[in-house]
Structures are given as structure tokens and as C-alpha cells.
Amino acid sequence: MAGREKGGFWVGAAAALFYPVSWIGRRVYTGAERIPREGPALVVMNHVSHMDPAVDAVFIHRQKRVPRFLAKDSLARAPIFGRILLGAGSIPVYRGSAQAGDSLRAAHQALAEGKVVVIYPEGTITKDPNGWPKRSHTGVARLALDNDVPVIPVARWGTQQILDFYHKKIRLLPRTTVTHAVGEPIDLSAYRGKPQTGPVLREVTELLMERVTDLLAGIRGEQPPARKPEAAD
């Protein structure tokens, strides 16, 4: 069995910060054994709270891996937190700028080096009032198709009940259950080798997020809406 992936000083600093944050909620993990213990993987997740990166980092770290997040560049600029985030290997995303392509190149490189890359395809916290994923950006499809690595869907639920900056809500007690549900790797063999046209990238993106949404529906015991509640830019 593979041992824990080596981190270093900044990963240790991130663990010291994020583990106590994750203890605010009771954790439930299902299917966690599907996160590869070695080698590259692209982990595709929904996004419901500013707390997500902390608890998701701990979730991946508990599987003996070091996560590399694709995160908004505003997070990377945050004092202390941003320095830890970048030091631990996360990749800032510069949408709508000349640096936008650098984000995907860095993610491709991380996967080529055998790392676990975590992406929130929605790009930001969903604004759907019921917390369902919105229509997502197609960068996730490019990463998934250009790299022959396991693509793992993961849904997480519960953090929005603890921390919701949009509505100025923080609730520490009573403790909320935060659940991570991991699905089977997604088979994209039918799309590999095809020209990456806009429609193909959109179809693959919707397929990936549909799997995440199905996992979320299982956690919640509810049916998702028939259509994505919000369009991405």
C-alpha cells in the first residue's frame, strides 16, 4: 500500500490551519477509497461555501494525498491564507485576463507530475437558493480530455449551513454534519480523440457535473432540478 504523499513546510502549515476548521462539523465520508492513493487524478467537486477549500483539503489529505486546488486568484492574494495556499501547490485562476491560460497549463503540469488536482467547475459558490450546482465552465473538460488520468466526481454538503458569507451567516453550534460522497471514475473514452469543439466540451462538462449532482442528490435524499439553475459566464 502506498504511503502518505510527501508535502513539505507549506502543506504542514495548511494542515495546521485547515484541520481545526474541519473539526467544526461532524465528517462523513462515503466512497473515499476511490481517491487514488498514488498517481494523478482530477477531482471534480461542487461549491456551496467559502469553507469548502478547507474541508475538501482535509478530506483529500486524509486519503494520504496532497491536493492541488484550482482556486480564484483573489484567494491567492489573501494575506496569510493566500501564501499558504500557493506554498502548498494550489493554482490561481485568472479568468478574463492574459494569464488565464497559465492556470490550465499549471494544472496540466501537476497532473503530468502525478498530482491530485481539485477543481470547482462552477468557478464560484453557487447562487442557487437550494444549493444545486450551476452551469459550469468548460476548462474542466479540457483537463479531463487532455490527460489520461482518473476523473473522480465528489459531492460535498453541509458546509453551507456552517459558513455562508453571502448571507452573513456563521453557525458553529449545534455541530453540522459535512458529508463527502465519492463516485466511480468517469469513463470518457467515447470523447477522447474527438476534436475539442465547443459542443463537445460543453457536453463533457455537463456529464461531469451531472455525476457530481447525482452524488449530491444522494446525500440530500432529494431530486435535483431538471435544468441547471444558473448559467456560467
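This is a predicted model: local features need pLDDT of at least 70, side-chain atom pairs count only at pLDDT 80 or more; totals for chains, interfaces and linings use all residues.
Colleague: How are helices H6 and H8 oriented to each other?

Modeller: The axes of H6 (residues 139-146) and H8 (residues 198-220) come within 8 Å and cross at roughly 90 degrees. Angles of 65 to 115 degrees count as roughly perpendicular, and the two helices are therefore roughly perpendicular to each other.

Colleague: Into how many nonpolar, polar and charged residues does the contact of H6 with H8 divide?

Modeller: H6 contributes Val140, Ala141, Arg142, Ala144 and Leu145, while H8 contributes Val200, Leu201, Val204, Thr205 and Leu208. Sorted by type, the residues of this contact are 8 nonpolar, 1 polar and 1 charged.

Colleague: Why is helix H2 largely enclosed by the rest of the structure?

Modeller: The buried residues of H2 include Asp52, Asp56 and His61, along with Val55, Ala57 and Val58. H2 spans residues 52-62 and is largely enclosed because, of its 11 residues, the number buried is 10.

Colleague: Which element gives the largest share of the lining of the largest cavity?

Modeller: The largest cavity has a volume of about 160 Å³, and Ala14, Phe18, Ala57, Pro67 and Ala88 lie nearest its centre among the 14 lining residues. Helix H1 (9-22), H2 and strand E3 (67-72) each give two or more residues to that lining. The largest share, 5 residues, comes from H1.

Colleague: What is the volume of the second largest cavity?

Modeller: Residues lining the second largest cavity include Trp23, Arg27, Val55, Val58 and His180, and strand E1 (26-30), H2 and strand E9 (177-182) each supply at least two of the lining residues. The volume of this second largest cavity is about 70 Å³.

Methods:
Residues are numbered from 1 along each chain as its sequence is written. Side-chain values use heavy atoms; hydrogens and water are left out. Axes are lines fitted to C-alpha atoms, for helices over the stretch in contact, and angles run from 0 to 180 degrees between N-to-C directions. Helices (H or I, at least four residues) and strands (E, at least two) are DSSP runs, numbered from the N terminus. Angles under 35 degrees count as roughly parallel, over 145 as roughly antiparallel, 65 to 115 as roughly perpendicular and the rest as oblique. Contact means heavy atoms within 4.5 Å. Ala, Val, Leu, Ile, Met, Phe, Trp, Tyr, Cys and Pro count as nonpolar, Asp, Glu, Lys and Arg as charged, and the others, Gly among them, as polar. Buried means under 20% relative accessible area, exposed over 50%, partly exposed in between (1.4 Å probe, protein chains only). On a 1 Å grid over the protein atoms alone, a cavity is a set of points where a 1.4 Å probe fits but cannot get out, and a pocket is an open set with protein on both sides within 12 Å along at least five of seven lines; lining residues have an atom within 4 Å of a point. Grid points are joined across faces, edges and corners, and a volume is the space filled by probe spheres set on the points.
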